[in-house]
Amino acid sequence: MTEYKLLTCDGSAKRAQYNTVHGTIQTPVFMNVGTAAAIKGALSTEDLERIGCQVELSNTYHLHVRPGDEIVKKLGGIHKFMNWNRPVLTDSGGFQVFSLAGLRKIKEEGVTFNSHIDGRKIFMGPEESMTIQSNLGSTIAMAFDECAPALADKKYVTNSVDRTTRWLERCKKKINELNSLDDTVNKEQLLFGINQGAIYADIRKEHAKKITDMDLDGYAIGGLAVGETHEQMYEIIETVVPYLPKDKPTYLMGVGTPANILEAVERGIDFFDCVYPSRNGRHGHVYTNLGKLNLFNQRYELDDRPIEEGCKCPTCKRYSRAYIRHLLKAKEMLGMRLCVLHNLYFYNTMMEEIRDAIDRHDFAEYKRNKLDGLSHGC
RNA sequence: GUGGGUAUGGCGCAGUUGGCUAGCGCGCCAGAUUGUGGCUCUGGAGGCCGAGGGUUCGAGUCCCUCUACCCACC
């Protein structure tokens with residue numbers, strides 16, 4: 001059922017089609033981030049269809065603490081729960097080990113957190129993460145990893161990555177067991193492994209080789225965009241990608257700006273996700289082909305133009321910068337919603353343009369022109 | 001009309017027994033934010049301290065007059 005069909009290559013850039021039980025994903029793709037089974041900013045699944053969202057990303061940890069993965073399972077799994085029938089990728093909770101630092105204790109078996117909702121102690125290891133993701137029934141489950149800080153020293157990173165590798169073996173074993181159970185929501189749930197190693201090329205390389213040998217459904221590069229420079233990030237992608245299988249999807253986790261995405265596609269990445277379009281949208285920062293605008297700025301007070309002339313998103317077809325600015329300043333929910341709709345449409349449309357450019361073997365030219373426009377503010 | 005109270009940046013307030021370039025919250029103007037806590041953080045602009053006079057080396061602080069507003073009583 002699952003098949004990664006490589007359609008075209010343009011340099012290192014890949015154009016592929018990924019067939020899953022929940023439908024086909026055209027790559028390169030940007031996954032729209034809906035941590036708690038919803039895109040923040042009051043977007044509905046109808047909205048997501050309207051703005052070209054192919055994959056929605058959701059989060060293991062967040063759904064485990066609320067409403068509880070058992071509840072989602074009883075309600076038929078995350079697709080039925082959200083009323084979204086296209087692919088869903090669930091992040092493993094591994095990143096929360098890193099982002100909720102201070103609230104956690106890492107051991108070989110797993111990690112003890114304090115819930116950010118009510119403070120209660122939660123234990124999560126590879127098996128727990130896989131069980132939760134299985135209960136959710138997402139299309140793609142992510143391995144439970146540790147995202148070490150970019151500035152961590154080499155010794156710490158070596159130990160951390162070794163443990164992440166052992167965790168990955170446990171994830172694989174567990175998901176195979178879960179997929180073969182009778183009452184499993186999605187018996188064809190896929191598992192992506194995650195490459196780690198901070199900014200150390202040799203650790204990254206070794207780790208990439210090891211996880212590739214484990215023959216997983218896809219491969220992510222994690223632990224980037226967490227404090228290192230853009231140049232370091234691009235170098236690491238160039239270091240790692242050659243060691244990952246060509247006939248499997250690659251996923252750069254948590255990245256990034258439109259410019260980051262263009263650079264990473266050029267280096268062979270298929271999947272992306274980032275909170276920027278939604279979080280920035282909520283904060284009134286909107287993307288255009290001529291740079292980013294901050295709609296809170298006073299200069300838009302009397303600006304009756306759409307966010308971007310010619311944009312076909314639901315927001316730009318009807319509403320002005322001045323009106324959206326007013327909504328944002330008045331803290332009206334509609335203000336955030338209109339900005340998030342526009343931003344996700346912008347990202348999804350950019351990915352479509354990228355796919356077309358690769359199809360035409362014209363990616364380099366497309367990228368140059370796009371970056372030239374974006375450089376005004378992105 | 002009488003008695004009491006209050007006047008400090010757009011709004012709400014602090015300003016100790018008079019003592020260096022008058023502070024705070026909100027708002028405003030900008031900037032951050034990369035596998036999301038609708039959060040948070042960082043800068044910045046803006047005040048002849050109601051008006052006038054006086055005491056003092058020195059007054060937002062003390063005294064006098066006036067003005068505006070608030071409360072009570074007539």
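Select A42 in the loop between β4 and α1. This is a predicted model. A42 has a positive phi of about 65°, although it is not a glycine. Is A42 buried, partly exposed or exposed? A buried residue needs 20 or more other C-beta atoms within 10 Å, and an exposed one has 12 or fewer. A42 has 14 C-beta neighbours inside 10 Å, so it counts as partly exposed.

Now jump to D215, in the loop between α8 (201-213) and β12 (218-221). D215 is not a glycine either, yet its phi is positive, about 50°. With 10 C-beta neighbours inside 10 Å, D215 counts as exposed.

**Two cis peptide bonds**

Select T27 and P28. The peptide bond that joins them is cis, with omega about 0°. P28 sits in the loop between β3 (23-27) and β4.

Next, select V255 and G256. The bond from V255 to G256 is also cis, and its omega is near 5°. Look for G256 in the loop between β13 (250-252) and α10 (258-266).

Select residues 29-33, which form strand β4. How many of its five residues are buried? Five of the five are, so β4 is largely enclosed by the rest of the structure. V29, M31 and V33 are buried on one side. F30 and N32 are buried on the other.

Find V29: F271 in β14 stands opposite.

Now bring in helix α1, residues 45-50. Together, β4, α1 and β5 make a right-handed β-α-β unit.

**Into the core**

Select M31, A143, F192, I237, L252 and F272. These residues have the most contacts inside the largest nonpolar core, which has 107 residues. Which helix gives the most to this core? Select residues 333-359: helix α13 contributes 14 residues. Domain 1 (3-192) and domain 2 (281-374) both give residues to the core, so it lies between them.

Stay with I237 for a moment. Leaving aside residues up to four places away in sequence, I237 touches I221, L252, A264, R267 and I269.

**Where the domains meet**

Colour the two domains of chain A: domain 1 is 3-192, and domain 2 is 281-374. Their C-alpha centres lie 28 Å apart. Across the boundary, 20 residues of domain 1 are in contact with 23 residues of domain 2.

Look at the side of domain 1 that touches domain 2. β1 (3-10), β2 (13-20), β4 and α1 each supply at least two of its residues. Which element gives the largest share? β4 does, with three residues. By class, this side of domain 1 has nine nonpolar, six polar and five charged residues.

Key. Residues are numbered from 1 along each chain as its sequence is written. Chains are lettered from A and ligands numbered from 1 in the order in which they are written. This is a predicted model: local features need pLDDT of at least 70, side-chain atom pairs count only at pLDDT 80 or more; totals for chains, interfaces and linings use all residues. Helices (H or I, at least four residues) and strands (E, at least two) are DSSP runs, numbered from the N terminus. Two strands pair if DSSP finds at least two bridges between them. A crossover is right-handed if, with the strands pointing away from the viewer, the path from the first strand over the helix to the second runs clockwise. A nonpolar core is a set of buried Ala, Val, Leu, Ile, Met, Phe, Trp, Tyr and Cys residues joined through C-beta atoms within 7 Å. Domain bounds come from an automatic or database domain assignment. Two residues are in contact if their C-beta atoms, placed from the backbone, lie within 7 Å. Ala, Val, Leu, Ile, Met, Phe, Trp, Tyr, Cys and Pro count as nonpolar, Asp, Glu, Lys and Arg as charged, and the others, Gly among them, as polar.
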